[in-house]
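Trainee: I have some questions about how the terms are applied here. Can we take them one at a time?

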Amino acid sequence: MSPHFESRNVPAHDEDALFMHVALSEAERFIGATAPNPPVGACLVKDGRILGQGAHMRAGGPHAEIVAIERAASAHGSGALKDAALYVTLEPCNHHGKTSPCADAILEAGISRVVIGALDPNPNVVGDGAGKLRAAGRRVELDAADGDCRRLIAPFAKWSTTGLPWVTHKLAYRVTPEGRLTMIPESGGDTTFTSDRSLREAHLERRKSDAILTGLGTVLADHPKFNVRHVPDHKNRRRYLIVMSESGAEPPREWLEQEWDLGFEVLVVSDLRATLKHLGELGVHRVLVEAGPTLSAAIKAERLWDERVVFVQRRPRPEDLLSGEALDYAYREFAADAAWKKN
Ligand SMILES: [Zn+2]
C-alpha cells in the first residue's frame with residue numbers, strides 16, 4: 001500500500017506485538033474522546049523495558065508520541081531515549097497543526113526504531129511522517145499487531161476518506177417461548193438486558209460514541225436516558241443525541257429537558273442519509289444506533305451500518321437457577337467492506 005514499506009517477509013518479534021498492544025491499550029482508553037482526531041497510543045521501549053507510554057487524550061492536546069516521550073524523559077532523563085524504540089498505533093504526523101510535528105520530536109529524541117501500527121489514512125494529510133523518519137536513517141516498520149491498529153482507527157479512516165461517520169448498530173434480541181428472536185421486550189419486563197456484563201458492554205459503546213441515534217418511537221415508549229452509566233464516561237464529554245422522527249413530530253418537552261441536563265445536544269431529524277452527512281460535517285466519527293425495530297430495519301435495509309453489537313437474551317433453563325449463569329450474551333460483527341480489513 002505504501003511506497004515506504006516492503007511487505008513483511010521476516011517474522012515479527014513477539015515483543016513487537018506485545019509492545020504494540022501496550023500502545024493500543026493506551027489508545028483504547030480514549031476512544032470517543034478525541035474526535036475530530038483519531039485515538040492514538042504510544043509506548044517507548046529500550047532493552048526490553050518500557051520507558052514511558054501515553055495516548056492522545058483529546059483534540060487540541062499533545063499527540064501520543066509526545067506524551068510518551070515526555071513521560072519517559074521525566075522518569076529516566078532525556079538521554080535514556082537515545083536508541084530507544086517507539087511503538088505508535090498511527091503513523092507519526094509531519095505537519096504543523098495545533099502542535100509541532102511528532103516526526104521532528106522523534107528525531108530530536110534520538111529514537112532509532114519506530115514501529116507503526118497503521119499508516120495515516122487521511123488523504124488530505126500534508127507530509128509523510130514515516131518517509132521523513134526513514135529518510136533520516138531511522139528503522140521504520142509497520143503493522144506489528146496484525147491489523148488491530150487499522151481496526152482501532154477504522155471510524156477515523158471512514159470519516160477522513162468519505163466524510164461520513166462510522167455507524168455502530170446496537171441490537172438487542174430475546175428468545176420468545178416459541179423460540180423466535182424478537183427485539184420487543186417482554187410485556188412488563190425491562191427494556192434493557194440486566195446482566196452486569198451486557199450493561200457495561202452497552203454503556204462502553206456509548207462512551208466510545210460521538211453521537212447516539214434513536215427513533216421517536218423509542219423515546220415515546222421508554223423515555224430513555226442516553227447518558228453513560230455502569231462505566232465511567234470521559235470527562236466533560238458532550239454528545240449529539242439524534243432523534244429520527246419521520247413525521248417531524250417533536251419529542252416530549254420533559255424528555256428533551258432530561259437529555260439537555262445530561263449534556264446532550266438533541267437534533268430531531270427526518271432523513272437518515274442527510275443526517276449522517278451532516279454529522280460528518282460536525283466532526284462526528286462514531287454514531288451509535290440504539291433504536292427499536294422500525295429504525296433498526298431501515299439501518300439494515302439501507303446498509304448504513306459498519307459494525308453491529310448484538311445482544312441476545314436466551315430463555316432460562318432450570319439449571320440456570322442453580323448456576324446463576326447470565327442469560328444473555330453479545331457478539332460483534334463488521335460489514336463485509338469495512339476498510340480496516342484491507343491492507
Ligand atoms: Zn503528531
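Trainee: Which residues does Leu86 touch, not counting residues up to four places away in sequence?

Mentor: Leu86 touches Ala42, Leu44, Glu65, Ile106, Ile111 and Val114. Touching here is contact, where two C-beta atoms, placed from the backbone, lie within 7 Å. Note that this is a predicted model: local features need pLDDT of at least 70, side-chain atom pairs count only at pLDDT 80 or more, and totals for chains, interfaces and linings use all residues. Residues are numbered from 1 along each chain as its sequence is written.

Trainee: Why is Lys300 called partly exposed?

Mentor: A residue is buried if 20 or more other C-beta atoms lie within 10 Å of its own, exposed if 12 or fewer, and partly exposed in between. Lys300 has 13 C-beta neighbours inside 10 Å, so it counts as partly exposed.

Trainee: What makes strand β9 largely enclosed by the rest of the structure?

Mentor: Strand β9 (residues 240–244) has five residues and four of them are buried, so it is largely enclosed. Strands are DSSP runs of E, at least two residues, and helices are runs of H or I, at least four, numbered from the N terminus.

Trainee: How do you know that β8 and β9 pair?

Mentor: Pairing needs at least two DSSP bridges between two strands. Five bridges join β8 (residues 211–215) to β9, so they pair, and they run parallel. Ala211 has Tyr240 of β9 as its bridge partner. On β10 (residues 265–269), β9 also pairs in the parallel sense over five bridges, and there Tyr240 has Glu265 as its bridge partner.
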